[in-house]
Amino acid sequence: MRRPSESRPSSRVEILLPGGGDLLPREMLWLYPIVPLAAAPLLLKNLFSLPLDTALVRIAGIYIPFLAHSFAFHVLYVGVMPKVVPRLRTPLLRGALHVAATTAVPVLLGPLVLSFKRRIVPGHYDLPKFVLECIIISWLYVFPALIVQRLRNKAQNIERMAQLERQAALEAQLKALQGRTNPHFFFNSINTVASLIHDDPALAERTLERMADLFRYALDSSKTRFVTLRREVEMVRDYLAIQSARYGSRLHTRVELDERAAEILVPPLILQPLVENAILHGMAHRRSGSVLVCIRHEGHRVSLEVLDDGPGPFASSHRGSQTSVEDICKRLRLLYGEQGAIALSAAPGGGCLARVAIPVKDVVA
């Protein structure tokens, strides 16, 4: 998922010219050849009573000024006006610019267009009248198109701002949830090392080195939304090594990683809280226990399972903060909607099975 690096529009210029500075609707390209044909019955008297060849010549005469002016306006409003309009701060100045442009083009092109039209459709034409007609047609042609595109730009800009606000809210919620996860992780890890210092200082030192790597990972996780499953599993293995140092032979652990899933991106610290819960609840008031971590690639999703042989869901005598599973659930819902899920169930042979399902198509880089 992409981070919302965009900022809100800071001026009316951006509202007027979003998405690359479109001033005229792109559908105008289709209207250029259609409008002259549609306007022919209004501009030519007795069009349908004329011989076919004469009618076609007269219609061609209408196409000449329409297409010439349309091409000029298209070039002007695609290549020039988007650079000039943002420099004008008031609607009055921008409106005056549009009036000047739609007037200047017919005045400058009128003599050339009329000269070419006389060659195709001979007849007597009055130049001032012809230019005036071209100006009026240009206004009727361009100004409605400008209004339509302006309204469209405003609607698109409102939607863009709403999307940015939703993304900003998502970022804030994710950071808040991750911020709650990290201190919880730090607190429990420090307690683990504290219990080793008196009995085995050398092991405590090695464990502190592992913790340094874990803390670095946890701190880095607050700066990124996704990590590879391989990296997440490496961190979990370090965490299990710390816990094994604490519990010794009483704790049995195993991690299985499907290599097809190793490079899939997942939220950081999505697996470690489940492993921590499995140990805390599975080992509570018991002499020994085991934890199995299994990651499998299942077509369009990846499955993260943590299995312990403790008393089962909600049956543990250990009472923690009760927030780990809830926080993971919220993070999955924010990132994946209904496609991300977490479930706790009783394991077939006893104990608790925590299973997280993440859609692969949404997280592959």
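These legends accompany several close-up views of a predicted model.

Residues are numbered from 1 along each chain as its sequence is written, and side-chain values use heavy atoms, leaving out hydrogens and water. Because the model is predicted, local features need pLDDT of at least 70 and side-chain atom pairs count only at pLDDT 80 or more, while totals for chains, interfaces and linings use all residues.

**View 1. Confidence at the start of the chain.** The protein chain averages a pLDDT (the predictor's confidence in each residue, from 0 to 100) of 79, and 83% of the residues score at least 70. Over residues 1-20, pLDDT stays under 50.

View 2. Of its 24 lining residues, L43, K117, Y125, F130 and E133 are the closest to its centre.

**View 3. I279 in the largest nonpolar core.** This core (buried Ala, Val, Leu, Ile, Met, Phe, Trp, Tyr and Cys residues joined through side-chain atoms within 4.5 Å; buried means under 20% relative accessible area, 1.4 Å probe, protein chains only) has 46 residues, of which L271, V275, I279, I295 and V302 touch the most other members. Leaving aside residues up to four places away in sequence, I279 touches (heavy atoms within 4.5 Å) Y239, L240, Q243, Y247, L251, A284 and V291.

Definitions and conventions:
1 Å grid on protein atoms, 1.4 Å probe; cavity = no way out; pocket = protein on both sides within 12 Å on 5 of 7 lines; lining within 4 Å. Buried < 20%, exposed > 50% of the residue type's maximum accessible area, 1.4 Å probe, protein only.
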